[in-house]
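Biologist: Hi! I'm new to this one, could you walk me through it?
Modeller: Happy to, let's have a look together.

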Amino acid sequence: MIRVRPALLEDLEAINAVWVRNGMFSFNPDDTRHWWLSHPFREEFKGVPIGWVLESSHSEVVGTFTNVHMMYDLEGRRFKGAIAGSWAVDTKHRNSSLMLAMAYFSQQRIDVCINGSASSVASRLMPVFKALRIPSDDYDLSYFWITNRRAFAASALRWKKIPLAGTLSPLVALGLWGRDLRCTGRRRSAADVRQFTEFGVEFDRFWEKVRQGPRRLRAVRTAAVLDWRFGSALRNKRATVLGLIHGDEMLGYVVLRENVREHLSLRQFIIADLQALEDSPTVLLGLIDAAREATRQANMDALEWQGWSSQKRRVAQSLRPLTHRYPVWPLFYKALNPELATPLSRPDTWDFSPFDAF
């Protein structure tokens, strides 16, 4: 006998055990408990589960599905979103896995379900639950700017499983150097770039101005939300925040998250968030340029860009990045609130980043 029930904070130790048994990374239950208790919209999501667990007849947790709460803004209105998190089930109970997904897609008090990390298996199941791909061309395309050609070349050869990656990497790096010579453009001034050590009131003021610009679906970005999401990494030197400032006004900011791909020996920054007033191409270009320089100074091998609106992607494409298309479509949604069905079917509604899709 197997049953599904809402996950509780008291289940975190058991959930961690399921993750470890199924080859996922281990987390600290106390830190995760604090993370949930410090959620900036905890009261608004009261009654919404933090996830679900599969429980055996002996009351043992044998499976789990995380339900991350996120508040979104569209056309001046706030909507409650639920992001599908980690999904893990012990081998002998895998035939009950769909019970967890059914609980997620049929939940109450939520306007939209988001799956921003669909695996090859999960992506094939999305049509079963009437979840749709976001209508945004090339959302499955990542961009890379290389800051350590030899290390990046070696990691690319490892990813393709080509023998003698270390021996061949100098030749590939030479080709990348030649490409960079052809792609080098005018350097943009970084005189107005400021590095932040915390999220202050300037981010609140900036967010209110962004909301008055292009009307797209975005996760709410108050100083409290940004600190909840990035504050720990920022304080532990695993994230960098840069802002473009003119006088006393913030024109835009970028958040860089450290990502180490151990199996490829690749150290990189991922652009976790990037915002500019009115999506100004000049500001976006300045921030990307500052991000590339910060990547070099941090001795990272590459800077990666994932997602965003088609307008922002065109700006990034003007800098001639390397591209990589993911083997599966990475972002699906299901509008539980009928009011969202029409706007979410339009490509220009979406402006999702790793921050929005978690």
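Biologist: Let's start with Ser-136: buried or exposed, and why?
Modeller: This is a predicted model, and in it Ser-136 has a relative accessibility of 6%. The cut-off for buried is under 20%, so Ser-136 counts as buried.

Biologist: New topic: what order do the strands of the open sheet come in?
Modeller: Seven strands make up the open sheet, ordered S8-S10-S11-S12-S13-S7-S14, with mixed pairing. From one strand to the next, the twist averages 30°.

Biologist: How many bridges join S11 to S12?
Modeller: There are 10, and the two strands run antiparallel. Within that pair, Val-254 is opposite Leu-274 in S12.

Biologist: Which strands does helix H10 lie across?
Modeller: Helix H10 (residues 310–317) lies across S7, S12 and strand S13 (302–306), at about 30° to S7. Helix H8 (residues 223–235) lies across S8, strand S10 (239–246), S11 and S12, at about 55° to S11.

Biologist: Last one: what does the side chain of Gln-107 make a polar contact with?
Modeller: Its partner is the side chain of Asn-67, at 3.0 Å. Gln-107 is buried, with a relative accessible area of 9%.

Note on methods: Residues are numbered from 1 along each chain as its sequence is written. This is a predicted model: local features need pLDDT of at least 70, side-chain atom pairs count only at pLDDT 80 or more; totals for chains, interfaces and linings use all residues. Side-chain values use heavy atoms; hydrogens and water are left out. Buried means under 20% relative accessible area, exposed over 50%, partly exposed in between (1.4 Å probe, protein chains only). A polar contact is a pair of N or O atoms within 3.5 Å; within protein, one must be able to donate a hydrogen and the other to accept it, and residues adjacent in sequence count only if both atoms are side-chain atoms. Two strands pair if DSSP finds at least two bridges between them. Helices (H or I, at least four residues) and strands (E, at least two) are DSSP runs, numbered from the N terminus. Axes are lines fitted to C-alpha atoms, for helices over the stretch in contact, and angles run from 0 to 180 degrees between N-to-C directions. Contact means heavy atoms within 4.5 Å.
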